[in-house]
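Biologist: I would like to learn how to read some features of a protein model. Please take them one at a time.

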Amino acid sequence: MTTPTPLKGLRVVEFTHMVMGPTAGMVLADLGAEVIKVEPAPEGDTTRRLTGSGIGFYAAFGRGRRSLCVNMKDPRGRALVHRLTDRADVLLENFRPGAMAKLGFGPEELAARNPRLIYCSGKGFLPGPYEHRTALDEVVQMMGGLAHMTGPEGRPLRAGSSVIDIMGGLSAVIGILAALREREATGLGGQVQAGLFETVALLMAQHMAQTAITGQAPPPMSTRLPAWPVYDIFDTADGGKVFVGVVTDTSWPAFCVAFGLEDLAADPTLRTKQQRVAERARTIPRIAAVLRTYDKPALMAKCEALGLPYAPIGRPEELFEDPHLNGSDGLVPMTLPDGRPVKLPALPITLDGARPGGAGDLRAPGADGADIATELGFTAEEVAEMRAAGVL
């Protein structure tokens, strides 16, 4: 099946690092845009060289670009990049406030040169009292309530992924696509901003609404009052763990009969969902004891046959061999910088039944610089001079 490329013909110039901006660039590239990443010469984006928990950032979100490593402090480097942005549809950046303007690449300067340019900035905070603060994924998780809702009572805990950076990048793409649609009508580009703190606020909307409705602040999810009769993690006979949910009045009797709990199905005090929630202290120990007699595969097979929501307690490394991801083009074949092959997640969408992405691998720093300069009209001699001077 042909990979869909709905953004083919769109040129994006990307000045990004870490996760938020690269996520947006990856999405645009996977959807078919030509994305040229402008990186500092000679070694490229510092994200490439992160260690520890950041070692996977570049590989995870860096695919599909062309790499242009250039010394932006040199007038020749700035002239080259200006020529590039003059011909671009979108500029994407997520550096600290004022950094791009200091180099002569702020939104006002570039709009004067290229009125059709859509200038998208990934920010810690949208314009307001906090906009000059330094923000990181973890910072906004803490201040926005996500860490409070994730950890045990009194022990705030960041989520187990760069969830705000990633979602912030997706928000940036939403804004870019909206601006592109607007440009079709007006012929003019504009400015788009996506904010990390505001992303956390959106994730907290359900808890804010709960507070407004009940008049009480919700406790952390780890200590929340149960909303469903069976919605728990259960031990299995072989030492495994499986999450099982029995949340409807129609699934309850079938579940009880299948697991030999007919007396619970017949109990008039457990007929409705609300009754079963109120009686969890009595029912869950019984259910846990029965489910513990099954090994993990057998329990999951039985839940699948019943149509119940269930899940093994997975780990990230298990996704490499996940049969669904591997059987649905859900993993993109790539090559790590050290030459080893790897499969990493595709975009979580289909377009006319096909998964986008996978057309572009990771690129070495500056791998496309000479070609890009030539395409912009620089002569071979000029390119050679810039390379000799460390501009490229």
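The dialogue below goes from the whole chain to single residues.

Modeller: This is a predicted model, in which local features need pLDDT of at least 70 and side-chain atom pairs count only at pLDDT 80 or more, while totals for chains, interfaces and linings use all residues. Residues are numbered from 1 along each chain as its sequence is written, and side-chain values use heavy atoms, with hydrogens and water left out.

Biologist: How many helices and strands does the protein have?

Modeller: Helices (H or I, at least four residues) and strands (E, at least two) are DSSP runs, numbered from the N terminus. The protein has 18 helices and 11 strands. Its C-alpha trace spans about 85 × 45 × 40 Å along the principal axes.

Biologist: Which domains does the assignment give?

Modeller: Domain bounds come from an automatic or database domain assignment. Here domain 1 takes 11–204 + 328–389, and domain 2 takes 230–312. The centres of the two domains, taken over C-alpha atoms, are separated by 45 Å.

Biologist: What share of the residues is buried?

Modeller: Buried means under 20% relative accessible area, exposed over 50%, and partly exposed in between (1.4 Å probe, protein chains only). Of the 392 residues in the protein, 42% are buried. For contacts, the criterion is heavy atoms within 4.5 Å. Among contacts between residues at least 6 apart in sequence, 68% join residues at least 24 apart.

Biologist: Which residues of α14 are buried?

Modeller: An α-helix has 3.6 residues a turn, so residues three or four places apart point the same way. In α14 the buried residues are R280, T283, I284, I287, A288, V290 and L291. They lie on the same side of α14, because they cover an arc of only 160° around the axis (the arc of the directions from the helix axis to the C-beta atoms). Their packing partners are β7 (230–235), β8 (241–246), α11 (251–258), α13 (273–278) and α15 (296–306).

Biologist: Where does T199 lie, and is T199 buried or exposed?

Modeller: T199 is in helix α9 (residues 196–203). With 5% relative accessibility, T199 counts as buried. Leaving out residues up to four places away in sequence, T199 touches I164, M167, G168 and S171.

Biologist: What should I check in the backbone?

Modeller: Most residues other than glycine have a negative phi, and most peptide bonds are trans. The peptide bond from A41 to P42 is cis, with omega near 5°, and P42 lies in the loop between β2 and α2 (57–61).

Biologist: Where do D329 and D352 lie?

Modeller: D329, with a positive phi near 60°, lies in the loop between α16 (323–326) and β10 (331–335). D352 has a positive phi of about 50° and lies in the loop between β11 (341–345) and α17 (369–375).

Biologist: Are these two aspartates buried or exposed?

Modeller: D329 is exposed, with a relative accessible area of 57%. D352 also counts as exposed, at 83% relative accessibility.
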